[in-house]
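Please read the following report alongside the sequence and the coordinates.

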Amino acid sequence: MASVDIRQVRKLFGSIEVIHGIDVDIGDEEFVVLVGPSGCGKSTLLRMIAGLEQISDGEIAIGGRVVNRVPPKERDIAMVFQNYALYPHMTVFDNMAFSMKLRHAEREEIAQRVRKAAEILDLTPYLDRYPRQLSGGQRQRVAMGRAIVRDPQVFLFDEPLSNLDAKLRVQMRTEIKALHQRLRTTSVYVTHDQIEAMTMADRIVVMHDGRVEQIGTPLELYDRPANLFVAGFIGSPAMNLFDGALRRADGRVWVETPGGLALDAPPGTAGTEGQAVVYGIRPGHLRIASDAEHGLPAEVEVVEPTGDSTLVFCKVGGTVACAATTDRHPLHPGERLRLVPRVEAGHVFDAASGQRL
């Protein structure tokens with residue numbers, strides 16, 4: 001097990017720079033998720049850690065050793081890809097044992113390691129089967145078992161659940177997290193799915209256009225996004241955003257929108273009078289008001305029951321906003337109601353820079 005230190009790493013394809021001087025320190029035994037939209041550079045960064053892409057500038061160190069010029073096979077890492085990449089003519093046992101056979105390990109050691117990995121992953125009954133005789137989830141377990149058998153310093157996961165159906169993805173992400181808690185091997189996991197990132201990570205690295213937007217625990221990113229990109233990307237459904245101007249008077253701070261809304265800013269909000277801002281509030285922090293309460297006037301457009309909660313999309317002051325409620329309100333499109341934001345859960349961002357105020 002080892003730390004992974006990424007220092008001012010850049011990547012150029014010809015004259016096009018796709019990774020712009022990234023700094024990330026991944027601690028020993030930590031599970032870190034790189035998340036962001038397609039094209040943000042997360043898989044390229046993972047491949048540079050693995051040695052499958054050359055670094056244009058900067059340093060990557062694994063366990064304190066700079067590995068810029070170290071071949072992939074000598075970095076003591078194991079990678080699990082989006083495609084299982086199993087050998088179809090080999091049994092599960094032989095697929096898992098293959099890397100050790102290439103290193104001419106003793107037969108007894110190979111058998112011991114494969115059986116131990118199979119036991120961890122509940123693959124023992126399938127060791128004599130071929131990949132075509134397995135389900136998608138079982139094949140992904142075999143790919144993970146092949147990595148475990150190597151007993152590496154670092155696990156690298158490149159969107160390993162993308163080919164699975166929704167129910168199996170939920171099951172497998174739980175299994176991967178439980179596996180990490182058991183093995184405590186440093187892990188770097190790439191995904192574009194922010195729900196995967198939130199549920200699995202010790203810390204999340206949010207990337208956008210080849211840059212790191214924010215690093216933190218899942219709840220740090222959810223509760224205090226550093227900028228508009230993180231605010232809009234982390235959280236499902238996405239945060240509601242209202243354009244407006246910051247107002248200050250008589251000790252009160254609020255955001256005034258072009259649609260005539262007055263949205264109270266959370267305590268400690270910085271910024272100057274009249275500054276162009278964006279006010280954000282998460283759907284779970286918008287409550288449907290009772291008949292006796294004041295709130296933001298809204299008109300229901302779409303109602304989406306999800307089972308444990310209902311998403312209510314409303315037109316609020318010219319902006320479509322979503323409120324999430326666990327109450328069973330019999331709502332219909334066109335109905336008028338009022339929404340009450342939780343003031344302390346609001347967010348205010350500078351409109352020009354996108355940074356949190």
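The report begins with the basis of the model and then turns to its parts.

## Basis and overall picture

This is a predicted model, in which local features need pLDDT of at least 70 and side-chain atom pairs count only at pLDDT 80 or more, while totals for chains, interfaces and linings use all residues. Residues are numbered from 1 along each chain as its sequence is written, and side-chain values use heavy atoms, with hydrogens and water left out.

The protein contains eight helices and 20 strands, where helices (H or I, at least four residues) and strands (E, at least two) are DSSP runs numbered from the N terminus. Taken along the principal axes, the box filled by the C-alpha atoms is roughly 75 × 45 × 35 Å. Of the 357 residues, 47% count as buried, a term that means under 20% relative accessible area, with exposed meaning over 50% and partly exposed lying in between (1.4 Å probe, protein chains only). When contacts between residues at least 6 apart in sequence are considered, 66% of them join residues at least 24 apart; contact means heavy atoms within 4.5 Å.

## Helix packing around α4

Two packed helices are described by the angle between their axes and the distance between the axes. Axes here are lines fitted to C-alpha atoms, for helices over the stretch in contact, and angles run from 0 to 180 degrees between N-to-C directions. Helix α3 (residues 107-120) packs against helix α4 (residues 136-149) at an angle of about 135°, with the axes 9 Å apart. That angle makes α3 oblique to α4, given that angles under 35 degrees count as roughly parallel, over 145 as roughly antiparallel, 65 to 115 as roughly perpendicular and the rest as oblique. The crossing of α3 and α4 is right-handed, which is to say that the near helix is turned clockwise from the far one by less than a right angle, anticlockwise being left-handed. Arg113, Val114 and Ala117 of α3 meet Gly145, Ile148 and Val149 of α4. By class, this contact of α3 with α4 has four nonpolar residues, one polar and one charged, where Ala, Val, Leu, Ile, Met, Phe, Trp, Tyr, Cys and Pro count as nonpolar, Asp, Glu, Lys and Arg as charged, and the others, Gly among them, as polar.

Helix α4 also packs with helix α5 (residues 166-183), at an angle of about 20° and with axes 11 Å apart. This makes α4 roughly parallel to α5, and the crossing of the pair is right-handed. On the α4 side the contact includes Gly136, Gln140, Met144 and Ile148, and on the α5 side it includes Leu168, Met172, Ile176 and Leu183. The residues of the contact of α4 with α5 divide into seven nonpolar, four polar and two charged.

## Strand pairing

An open sheet is formed by five strands in the order β15-β19-β16-β17-β18, with antiparallel pairing; two strands pair if DSSP finds at least two bridges between them. Its edge strands are β15 (286-288) and β18 (319-325), each of which pairs on one side only, and the twist from one strand to the next averages 45°. Within this arrangement, strand β17 (residues 310-316) is joined to β18 by seven bridges in the antiparallel sense, and Thr310 has Thr325 in β18 as its bridge partner.

Elsewhere in the chain, strand β1 (residues 4-13) and strand β4 (residues 57-62) run antiparallel and are joined by five bridges, with Arg10 standing opposite Asp57 in β4. Strand β4 pairs with strand β5 (residues 65-66) as well, over two bridges and again in the antiparallel sense, and here Ile62 stands opposite Arg65. The strands β4 and β5 form a hairpin with two residues between them, and Gly63 in the turn has a positive phi of about 60°.

## Backbone details in loops

A cis peptide bond, with omega about 0°, joins Ser236 and Pro237; Pro237 is found in the loop between α8 (228-233) and β11 (240-249).

Asp76, although it is not a glycine, has a positive phi of about 60°. Asp76 lies in the loop between β5 and β6 (77-80) and, at 32% relative accessibility, counts as partly exposed. Asp209, also a residue other than glycine, has a positive phi near 55°. Its place is the loop between β9 (203-208) and β10 (211-216), and at 47% relative accessibility Asp209 counts as partly exposed.
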